[in-house]
Amino acid sequence: RRPARPHRDLVFPNGAAPCHKHDPSIRIMQWNILAQALGEGKDGFIRCPLDALNWEERKYLILEEILTYRPDILCLQEVDHYYDTFQPIMASLGYHGTFLAKPWSPCLDVERNNGPDGCALFFRRSRFSLQATAHLRLSAMMLPTNQVAIVQTLSCQATGQQLCVAVTHLKARSGWERLRSAQGADFLQKLQSITSQDGSHCKASPGSIPLIVCGDFNAEPTEDVYRRFSSSPLGLNSAYKLLSSDRQTEPAYTTWKIRPSGETCSTLDYIWYTSDTLSVEGLLDIPTEEQVGPDRLPSYHYPSDHISLLCDISFREEPHRLM
Ligand code: NDP
Ligand code: CA
């Protein structure tokens with residue numbers, strides 16, 4: 001029998017559970033769901049039983065995780081079952097979806113693959129309408145790379161408030177820190193130009209659209225690309241720091257797996273938000289080591305090697321405009 005999915009508490013970093021009668025917070029989920037072709041054909045998760053990776057069962061665990069928390073915005077990486085699974089199912093649940101494949105997905109090297117993996121972004125149609133979509137291929141030192149991002153400008157159905165949401169999956173593996181940093185620089189520049197409403201592309205202006213950036217950055221908080229994001233002129237803060245008692249420390253891990261090369265337990269996934277315009281009202285805590293289990297991830301009770309991140313975000317009061 002399958003063990004139960006780990007129970008995770010919603011934590012309120014500002015104290016008590018908020019009460020929003022008129023303007024409910026926006027629930028965001030960030031998750032690298034583990035591409036089916038990579039999980040079965042490339043990763044070599046030696047402590048994960050092969051049947052726990054069987055797509056016909058694993059897909060229901062992924063959907064269960066999504067449906068348990070019912071996010072308004074869902075950002076996924078390593079999606080190699082978009083057209084046959086997530087697009088139709090999420091559409092039937094009232095979501096709008098967009099998918100962008102990696103130019104040279106490593107899934108294509110796996111026998112009997114289901115096509116390239118890529119990033120997907122879903123939003124609940126009852127809450128938002130779509131204003132614009134940008135499909136980006138990230139560059140590094142002017143050269144195009146194999147990494148992509150989706151950026152969408154949404155408008156709240158109830159209030160007309162604009163919100164920009166982005167999803168990406170940066171280059172993996174150690175030895176590639178400089179490439180990740182360069183990809184981050186390119187991404188930040190592109191985000192700047194998309195969110196600055198007045199066309200001044202040089203710095204975050206008072207009129208900038210509130211921004212949420214979700215991703216598997218494949219970088220620990222000590223890396224250059226993390227520093228670039230936390231110190232950019234966009235004014236981004238990493239939501240999961242608010243789980244810590246000093247509000248400054250990232251969780252100990254967002255992915256935990258065992259490959260032939262050894263055990264990896266690291267923080268690679270983030271939800272960034274513009275802290276002058278948005279505030280984090282709630283966060284789903286990270287499963288404990290005991291909940292992760294001795295064989296780590298993925299497992300019979302958790303379908304990916306990355307843990308989903310989830311937070312409730314609301315708009316801050318309109319600042320007094322200077323102009
Ligand atoms: P990345 O290095 O970014 O990694 C791709 C995937 O591999 C990620 O999803 C990553 O998962 C996973 N991964 C990370 N570490 C390991 C590991 N130790 N073992 C197994 N999987 C791991 O890949 P790129 O985007 O740079 O693409 C590289 C691949 O693309 C090449 O291996 C090749 O297959 C293919 N390619 C093909 C070309 C062609 O001409 N046909 C050209 C260029 C690339 P996570 O993010 O969760 O860590
Ligand atoms: Ca992976």
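**Exercise 1.** Which residue lies over the face of W176, and at what distance from the ring centre?

Solution. The model is predicted. The residue over the face of W176 is K171. Its distance from the ring centre is 4.4 Å. A Lys counts here if NZ is within 6 Å of the ring centre and within 35 degrees of the ring normal.

**Exercise 2.** Classify the aromatic pair of F217 and Y270, and state which parts of the chain it ties together.

Solution. Step one: the ring centres are 5.8 Å apart, and the planes make an angle of 85°. Planes over 60 degrees apart count as edge-to-face, and the pair F217 and Y270 is edge-to-face. Step two: F217 lies in the loop between strand 9 (211-216) and helix 5 (224-230), while Y270 lies in strand 13 (residues 269-274), so the pair ties together parts that are 53 residues apart in sequence. Step three: F217 and Y270 are both buried. Step four: F217 and Y270 belong to one aromatic cluster, together with F187, Y226, F229 and W272.

**Exercise 3.** Describe the peptide bond from L297 to P298 and locate P298.

Solution. The bond is cis, with omega near -10°. P298 sits in the loop between helix 6 (289-292) and strand 15 (309-315).

Note on methods:
Residues are numbered from 1 along each chain as its sequence is written. Chains are lettered from A and ligands numbered from 1 in the order in which they are written. This is a predicted model: local features need pLDDT of at least 70, side-chain atom pairs count only at pLDDT 80 or more; totals for chains, interfaces and linings use all residues. Side-chain values use heavy atoms; hydrogens and water are left out. Rings of Phe, Tyr and Trp (its six-membered ring) pair if their centres lie within 6.5 Å; planes under 30 degrees apart count as stacked, over 60 as edge-to-face and the rest as tilted. Helices (H or I, at least four residues) and strands (E, at least two) are DSSP runs, numbered from the N terminus. Buried means under 20% relative accessible area, exposed over 50%, partly exposed in between (1.4 Å probe, protein chains only).
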